[in-house]
Amino acid sequence: MGGMPGAEEKAQPPIEGVMKNVNIARQQLENLEVAKAKETYVEIMKLYRMMTPDEQSQVYETIQEIYEERKAAEKMPKA
């Protein structure tokens with residue numbers, strides 16, 4: 001799509017930012033880094049709140065899944 005090189009990083013579409021952070025949070029949960037995953041989830045929600053309703057509807061289920069995964073990980077006994 002043209003544009004200036006590197007401009008995509010600064011003006012990353014919110015959906016891409018959410019999906020990138022969801023992947024990071026999943027990796028953190030796999031590594032049992034629950035506190036970090038919670039921080040990443042907070043960032044996901046900040047992006048979500050800035051989205052249009054149409055954009056929100058596209059990522060809602062994914063965000064719900066990562067929320068449930070995080071909550072389940074928080075309930076696991078500490079090793």
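**View 1. Helix α2 passes helix α3 in a left-handed crossing.** The model shown here, as in the other views, is predicted. Helix α2 covers residues 14-30 and helix α3 covers residues 34-49. Their axes come within 9 Å and cross at roughly 170°. Angles over 145 degrees count as roughly antiparallel. The two helices α2 and α3 are therefore roughly antiparallel to each other.

**View 2. Residues at the contact of α2 with α3.** From α2, the residues that take part are P14, G17, V18, N21, V22, I24, A25, Q28 and L29. They meet V34, K36, A37, T40, E43, I44, L47 and Y48 of α3. Sorted by class, this contact holds eleven nonpolar, four polar and two charged residues.

View 3. Q28 has a relative accessibility of 12%. Buried means under 20% relative accessible area, so Q28 counts as buried. With neighbours within four places in sequence left aside, Q28 is in contact with E33, K36, A37 and T40. Among these residues, K36, A37 and T40 are also listed on the α3 side of the contact with α2.

**View 4. Packing of helix α3 with helix α4.** Helix α4 spans residues 53-75. The axes of α3 and α4 lie 11 Å apart, at an angle of about 160°. That angle makes α3 roughly antiparallel to α4. The crossing of this pair, α3 and α4, is left-handed.

**View 5. Residues at the contact of α3 with α4.** On the α3 side are V34, A37, K38, Y41, I44, M45, Y48 and R49. On the α4 side are Q56, V59, Y60, I63, I66, Y67, R70, A73 and E74. By class, the residues of this contact divide into twelve nonpolar, one polar and four charged. V34, A37, I44 and Y48 of α3 take part here, and these residues of α3 also meet α2.

View 6. Along the sequence, the pattern reads α-α-α-α. The chain has 79 residues, of which 28% are buried. Of the contacts in the chain with a separation of 6 or more, 62% are between residues 24 or more positions apart. The accessible surface of the chain is about 5900 Å², and carbon and sulfur atoms account for 56% of this surface.

Technical notes. Residues are numbered from 1 along each chain as its sequence is written. This is a predicted model: local features need pLDDT of at least 70, side-chain atom pairs count only at pLDDT 80 or more; totals for chains, interfaces and linings use all residues. Side-chain values use heavy atoms; hydrogens and water are left out. Axes are lines fitted to C-alpha atoms, for helices over the stretch in contact, and angles run from 0 to 180 degrees between N-to-C directions. Helices (H or I, at least four residues) and strands (E, at least two) are DSSP runs, numbered from the N terminus. Angles under 35 degrees count as roughly parallel, over 145 as roughly antiparallel, 65 to 115 as roughly perpendicular and the rest as oblique. A crossing is left-handed if the near helix is turned anticlockwise from the far one by less than a right angle, and right-handed if clockwise. Contact means heavy atoms within 4.5 Å. Ala, Val, Leu, Ile, Met, Phe, Trp, Tyr, Cys and Pro count as nonpolar, Asp, Glu, Lys and Arg as charged, and the others, Gly among them, as polar. Buried means under 20% relative accessible area, exposed over 50%, partly exposed in between (1.4 Å probe, protein chains only). Accessible areas come from the Shrake-Rupley method with a 1.4 Å probe; for residues, only the protein chains shown count as cover.
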